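Have the structure open as you read.

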Amino acid sequence: MLLDVKNLSIYYYTLAGTVRAVENVTFGIEKKEWVTFVGESGSGKSTVAHAILNLVPSPGKIVRGEVLFEGRDLLKLTKEEMKNIRGKEISMVFQDPMTSLDPLRKVGDQIVEAMSEHGVDEKEAWKKAKELLKRVNLPEDRLGYYPHQLSGGQRQRISIAIAMAFEPKLLIADEPTTALDVIVQDSIMDLIDKLKEEEGTSIMFVTHDISLAVERSDKIAVMYAGKLMEFGSVDQITENPLHPYTKALLSSVPDLWSEKNIKAIPGYPPDLRTPPTGCRFHPRCPLFRDRASLKGVCDAVEPAFIEYEKGHYVACHTYGGAPNE
């Protein structure tokens with residue numbers, strides 16, 4: 001196991017109250033594996049991604065859990081030890097490259113600086129920067145451009161080039177295609193896929209688009225209101241979805257080749273300062289509404305995250321001992 005996350009919980013301590021953004025999330029990523037986290041905005045998927053590199057912004061705090069990377073708990077490492085891992089063994093591509101690239105410096109200088117921080121000679125770093133631009137299908141002269149002179153897709157390619165500099169073992173991509181049109185989005189996904197296939201890099205991808213997850217991933221993790229609701233292979237998630245929320249996400253995806261009715265998910269995600277008791281999805285769950293036997297169960301008892309079949313996990317009372325009608 002390359003990455004093994006156990007019982008991860010992250011809270012934001014605000015003046016309006018404590019936001020329980022992530023609670024007891026457990027999952028793993030194998031070597032050369034692509035795992036995609038999906039869910040609505042505010043589900044906690046990006047917070048989990050940032051926590052792996054111990055980058056949860058203030059006033060957030062990792063309150064418990066383990067993040068084991070090749071057996072080392074990253075949450076127990078010193079700042080200097082984490083500095084040696086960030087960008088080298090684990091790299092991250094952020095949603096908006098304008099927030100991760102310095103607008104006042106040319107992109108070539110920023111690529112070279114990222115490599116120099118890890119001891120690469122400046123002359124060698126410039127040579128490598130030119131090679132990296134070729135790998136992300138950008139002309140060499142873009143090294144002399146400022147971020148504002150590039151398109152959104154080109155800026156994201158620069159971010160990927162920086163992330164690829166040391167051929168990391170794990171690449172975390174936090175919604176890197178959200179603001180891009182579908183053609184540029186596809187090219188960015190191809191770049192990440194190429195990195196996985198050619199370098200053997202494991203991918204942790206974050207998106208709200210479950211159709212994108214199905215297209216590219218080996219495994220999918222479905223999050224809702226800070227909880228991991230379902231985790232399994234793409235085939236397991238698409239052919240035998242277990243959790244009502246997973247089914248609702250899949251039903252909301254249009255299909256040009258069929259007459260499937262698109263169904264919206266009624267209601268809104270909860271306020272995580274005061275999350276619902278029991279299963280956090282129960283106020284929006286069709287099973288809870290339709291089955292009288294689930295009253296007093298789904299709304300009162302938190303479901304266990306169980307292995308329903310080999311490699312397929314779910315947190316739902318209908319698979320964990322709740323009565324059925």
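Predicted model: local features only at pLDDT ≥ 70, side-chain atom pairs only at ≥ 80, totals over all residues.

Residues are numbered from 1 along each chain as its sequence is written, and side-chain values use heavy atoms, with hydrogens and water left out.

A word on terms: on a 1 Å grid over the protein atoms alone, a cavity is a set of points where a 1.4 Å probe fits but cannot get out, whereas a pocket is an open set with protein on both sides within 12 Å along at least five of seven lines. Lining residues have an atom within 4 Å of a point. Grid points are joined across faces, edges and corners, and a volume is the space filled by probe spheres set on the points.

So who surrounds that second largest cavity? Its lining is Arg 135, Met 164, Leu 191, Lys 194, Leu 195 and Glu 198. Helix α7 (residues 182-199) gives the most, with four residues. (Helices are DSSP runs of H or I with at least four residues, strands are runs of E with at least two, and both are numbered from the N terminus.)

By this rule there are two cavities of 30 Å³ or more. Around the largest cavity sit 13 lining residues, and His 243, Cys 279, Cys 285, Cys 298 and Cys 316 lie nearest its centre. The largest pocket has 26 lining residues, with Arg 86, Gly 87, Ala 114, His 118 and Ile 162 nearest its centre. At least two lining residues of that pocket come from each of α2 (79-85), β6 (90-93), α4 (107-116) and α6 (152-164), and β6 gives the most, with four.

In the classes, Ala, Val, Leu, Ile, Met, Phe, Trp, Tyr, Cys and Pro count as nonpolar, Asp, Glu, Lys and Arg as charged, and the others, Gly among them, as polar.

| Space | Volume | Lining by class |
|---|---|---|
| Largest pocket | about 690 Å³ | twelve nonpolar, seven polar, seven charged |
| Largest cavity | about 70 Å³ | nine nonpolar, four polar, no charged |

Now for an open sheet: four strands in the order β2-β1-β4-β5, with antiparallel pairing. Strands count as paired if DSSP finds at least two bridges between them. The edges are β2 (17-29) and β5 (72-73), each pairing on one side only. Helix α1 (residues 45-52) packs on the sheet and touches β1 (3-14), β2 and β4, its direction making about 110° with that of β1. Contact here means heavy atoms within 4.5 Å; axes are lines fitted to C-alpha atoms, for helices over the stretch in contact, and angles run from 0 to 180 degrees between N-to-C directions.

β1 and β2 form a hairpin with two residues between them, and nine antiparallel bridges join the pair.

How many salt bridges turn up in the whole structure? The search finds 22, where a salt bridge is a side-chain nitrogen of Lys or Arg within 4 Å of a carboxyl oxygen of Asp or Glu. One to look at joins the side chains of Glu 23 and Arg 280 (2.3 Å, N to O). Glu 23 is in strand β2 and Arg 280 in the loop between α10 (244-251) and α11 (286-290), so the pair ties together parts that are 257 residues apart in sequence.
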